[in-house]
Amino acid sequence: MFFNPSQSTSQTFHDFNIESITGDNIDLSQYKDKVVLLVNTASKCGFTPQYAGLQKLYDRYKDSGFVVVGFPANDFLWQEPGSDKEIANFCEENYGVTFPMMSKISVKGRGMHPLYQFLTQFGKNGYKSSSVSWNFQKYLIGTDGKLKKIITPRTAPLSEEVLDWIEQDVMAVNQRL
């Protein structure tokens, strides 16, 4: 079958269900009308201190139509070896994380979670093909559930690039309310 790049995909972030770090089933459609920063995380990575910036973003914008959603993954040099409970405790004790964290998944390879297949394949997301290069890669999702931007792991959560995108989209959400 030929895929026409001008065709838009009908799949969105909101079409997925996933397990939370506490074992609850999460329907991602609950984030409709929110700007989402989705990030794969790890507890033993050089970028792990980004948890602090992610939490600051969440605290700053959570009441304005924005949410951070963390996805622990052990795909890069086994930097997330813990169980969901161990990961949750680490995040809370070391960084005061209160933003939603999901159960540990795979973000690359044969075991890649379907959500990450959506995020990394143009044919599924209608935006861009990519690969997850390392822990703390950020995916910015618009209120419509569509992938809007991919930000490298090296880019800090409180960078101008991230803040500008969030503020632009959060302002648009608040103008509609």
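Modeller: One cut-off first: a residue counts as buried under 20% relative accessible area, as exposed over 50%, and as partly exposed in between. Keep in mind that this is a predicted model.

Now the charged pairs. Side chains of opposite charge can pair when their charged atoms come close. Searching the whole structure turns up two salt bridges. In one, D144 meets K148, with 3.1 Å from N to O. D144 has a relative accessibility of 34%, so it falls in the partly exposed range. K148, at 33%, is partly exposed too.

The other salt bridge joins E161 and K149, at 3.5 Å from N to O. This pair ties together distant parts of the chain: E161 sits in helix α5 (residues 160-176), K149 in strand β6 (residues 147-151), and they are twelve residues apart. E161 is partly exposed with a relative accessible area of 37%, and K149 is partly exposed with 26%.

On to the rings. The whole structure holds ten aromatic pairs. Take Y51 and F136: their ring centres are 5.4 Å apart and the planes stand at 90°, so this pair is edge-to-face. It also bridges distant parts of the chain, with Y51 in helix α1 (residues 50-61) and F136 in the loop between α4 (122-125) and β5 (138-141), 85 residues apart. Y51 has a relative accessible area of 0%, so it is buried; F136 is buried as well, also at 0%. Ring pairs also bring in F90 and Y95, linking them with Y51 and F136 into a cluster.

Definitions and conventions:
Residues numbered from 1 in each chain as written. Predicted model: local features only at pLDDT ≥ 70, side-chain atom pairs only at ≥ 80, totals over all residues. Heavy atoms only, no water. Phe/Tyr/Trp six-rings, centres within 6.5 Å; stacked < 30°, edge-to-face > 60°. Helix = DSSP H or I, 4+ residues; strand = E, 2+ residues; numbered from the N terminus. Buried < 20%, exposed > 50% of the residue type's maximum accessible area, 1.4 Å probe, protein only. Salt bridge = Lys/Arg side-chain N within 4 Å of Asp/Glu carboxyl O.
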